[in-house]
Each structure stands twice: as structure tokens, then as C-alpha cells.
Amino acid sequence: MLNEVIGQTSLPPRIEQLLQRIEPLRRELLNHAIYERLSSIDALRRFMEHHVYAVWDFMSLLKSLQQQLSCVNVPWVPVANAAHARLVHEIVLAEESDEDGEGGYASHFELYHRSMQCCGASTEGIDALISQLRSGANLECAITTAAMPESARQFVRCTMSIIASGDPCQIAAAFTFGREDLLPDVFGQIVEQLDADDYRQLTPFRYYLNRHIELDGDEHGPMAQRLVIELCGDDEAKWMRAEQAAIDSLIARKNLWDDMLQV
């Protein structure tokens with residue numbers, strides 16, 4: 001069923017409506033002044049020190065979707081829709097253990113973290129947050145006490161509130177329209193700025209960005225969009241929740257971008 005939907009050339013009216021409603025926010029993000037600021041290594045470092053939290057919490061969004069659509073419990077039981085499970089597992093495979101460009105494998109978060117270290121951006125804040133979580137700290141307590149930008153803190157809270165809903169339609173919409181469908185174009189803007197420079201220390205970051213553009217634009221984005229179509233079906237209430245989750249996710253990212261301009 002999912003493969004048949006993916007093969008369609010036209011989109012159902014309800015998702016066309018959702019796309020039209022979020023387009024103004026999407027345009028704002030694609031035309032944001034932040035990209036023009038990424039013209040120096042110092043500016044890129046500040047960007048990465050904010051954005052790394054969005055890279056990190058993306059995995060919680062994805063893992064929540066994996067929990068919703070597949071069985072990750074013991075004892076295992078068959079899932080309701082194997083096509084949905086296959087889709088999310090394929091995305092997890094790439095996001096959690098992708099080729100790292102050096103003959104090994106790494107999560108996209110680890111690629112980003114490595115890129116930060118190569119260009120001299122501080123990883124102290126995100127490292128401390130992850131250390132707290134590994135030691136068993138409560139998530140809200142960890143992000144409240146972490147030395148992280150306030151806009152990044154609010155961004156993470158937005159993501160986690162969508163996850164806490166337990167609603168696969170909201171989670172899939174945030175994942176699709178706040179991340180997979182948006183990021184290829186957003187990262188394309190950053191790559192254009194980086195291509196104007198020839199700093200060797202940016203090579204790992206270029207690899208990370210280009211890998212995301214390739215995977216999200218060609219594969220994950222379209223597949224995730226079709227997943228939303230299947231999950232929401234003909235239920236208007238589900239579409240409304242999905243649309244609001246998409247809007248909330250885009251607003252949270254705009255707030256994050258806006259805050260970076262003030263630094």
C-alpha cells in the first residue's frame with residue numbers, strides 16, 4: 001500500500017492544503033537572513049553551537065516514530081503495517097549508522113559533532129547535556145540546567161511536547177514537514193555559502209550537509225510525506241493535529257534562526 005502511494009504523481013487534496021498553509025513559514029525559513037551571516041568561520045561556529053541541539057533532538061523524534069510504527073519491545077509481536085515499519089527502519093539505518101565518508105559508520109549527530117570539532121565550534125554544552133542524560137537525569141531537568149541557548153532549549157521542548165502527545169500523526173508531521181521536507185532546501189542555502197570559501201576544516205561539515213541533501217531530498221522526504229498521508233487517511237481531526245504539529249515545528253525553527261541573528 002505505501003509503495004503504491006509513493007508511486008502516485010499527484011497528492012491528495014488534504015495534503016495539498018497542508019502544504020499551502022505551511023508555505024509562508026517555509027518561505028520565511030528559506031529566505032531567512034541567517035544564511036547571509038554564514039560568511040565566516042566564527043559565524044558558522046556560532047550557528048553550529050545553536051543548531052546542534054536540533055540535530056540531536058531529531059533522533060528522539062525519529063526514534064519515537066520507530067516506537068509508534070514498529071515493535072522494539074521484548075517479547076516481539078507483529079506490527080500492524082509492515083510497510084510503515086520498513087520505511088522508518090530504513091530512515092533509522094541511515095540516520096543512526098550512515099557511511100561517515102572515512103570508511104566507517106556514524107550517526108548523523110556524530111558527523112555533525114565531528115564537524116563542530118574540526119572547525120573549532122564548542123561542543124561543551126551538548127556534551128554536558130548528553131552526559132547528564134546518560135547518567136539518568138530527567139530530560140526537563142537536564143535541558144533546564146544545561147548551558148544551552150534559550151531558543152535551543154525552547155526548540156527541544158517543542159519537539160519533546162510533540163513526542164509526548166504519543167500521536168503518530170503529529171510526530172510524523174513534525175518529522176516530515178519540520179525536518180525531512182525542509183532540510184534539503186535549508187542545507188542547500190548553507191552549502192552555497194560554504195562553497196564560497198575554501199577552508200579545509202569545513203570538509204566534514206560539507207559532507208554532512210550534502211549527505212542530508214541527498215538522502216532527505218531524494219528518498220526520506222518524499223517517503224515521509226506519503227507516510228503522513230497514510231496515517232491521517234480521511235480523518236479531518238488527524239489532519240488538523242498533523243498540520244498544527246508541522247506549524248509548531250516550523251515556528252520553533254524560525255525562533256531558533258531569529259535568535260542566532262542576535263548573537
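Predicted model: local features only at pLDDT ≥ 70, side-chain atom pairs only at ≥ 80, totals over all residues.
Student: How many residues does α9 have, and how far does α9 reach from its first C-alpha to its last?

Tutor: The expected span of a helix is 1.5 Å times one less than its number of residues. Helix α9, residues 150–164, has 15 residues and reaches 21 Å from its first C-alpha to its last, which is close to the 21 Å expected.

Student: Which residues of α9 are buried, and which helices do those buried residues pack against?

Tutor: Buried means under 20% relative accessible area, with exposed being over 50% and partly exposed in between, for a 1.4 Å probe and protein chains only. In α9 the buried residues are Ser-151, Ala-152, Arg-153, Phe-155, Val-156, Cys-158, Thr-159, Met-160, Ile-162 and Ile-163, and they pack against α4, α8 (139–145), α10 (168–180) and α13 (236–261). Ser-151 counts as buried because its relative accessibility is 11%. Not counting residues up to four places away in sequence, Ser-151 touches His-50, Asn-255, Leu-256 and Asp-259, where contact means heavy atoms within 4.5 Å.

Student: At what angle do α9 and α10 pack, and how far apart are their axes?

Tutor: Two packed helices are described by the angle between their axes and the distance between the axes. The axes are lines fitted to C-alpha atoms, for helices over the stretch in contact, and the angles run from 0 to 180 degrees between N-to-C directions. For α9 and α10 the angle is about 145° and the axes are 8 Å apart. Phe-155, Thr-159, Ile-162 and Ile-163 in α9 meet Gln-170, Ile-171, Ala-174 and Arg-179 in α10.

Student: At what angle do α4 and α6 pack, and which residues make the contact?

Tutor: Helix α4 (residues 41–69) and helix α6 (residues 108–119) pack at about 160°, with their axes 10 Å apart. They are therefore roughly antiparallel to each other, a term for angles over 145 degrees, while under 35 counts as roughly parallel, 65 to 115 as roughly perpendicular and the rest as oblique. The contact is made by residues including Ile-41, Phe-47, Val-52 and Trp-56 of α4 and His-108, Phe-109, Tyr-112 and Cys-119 of α6.

Student: Is His-108 buried or exposed, and with which residues is His-108 in contact?

Tutor: His-108, which has its place in helix α6, is buried, with a relative accessible area of 3%. Leaving aside neighbours within four places in sequence, His-108 is in contact with Val-55, Ala-94, Glu-95, Asp-98, Tyr-208, Arg-211, His-212 and Leu-215. The C-alpha atoms of His-108 and Ala-128, 20 residues apart along the chain, are separated by 19 Å.

Student: Which residues does a cis peptide bond join, and where is Pro-75 found?

Tutor: The cis peptide bond joins Val-74 and Pro-75, with omega about 0°, and Pro-75 is found in the loop between α4 and α5 (82–96).

Terms used: Residues numbered from 1 in each chain as written. Heavy atoms only, no water. Helix = DSSP H or I, 4+ residues; strand = E, 2+ residues; numbered from the N terminus.
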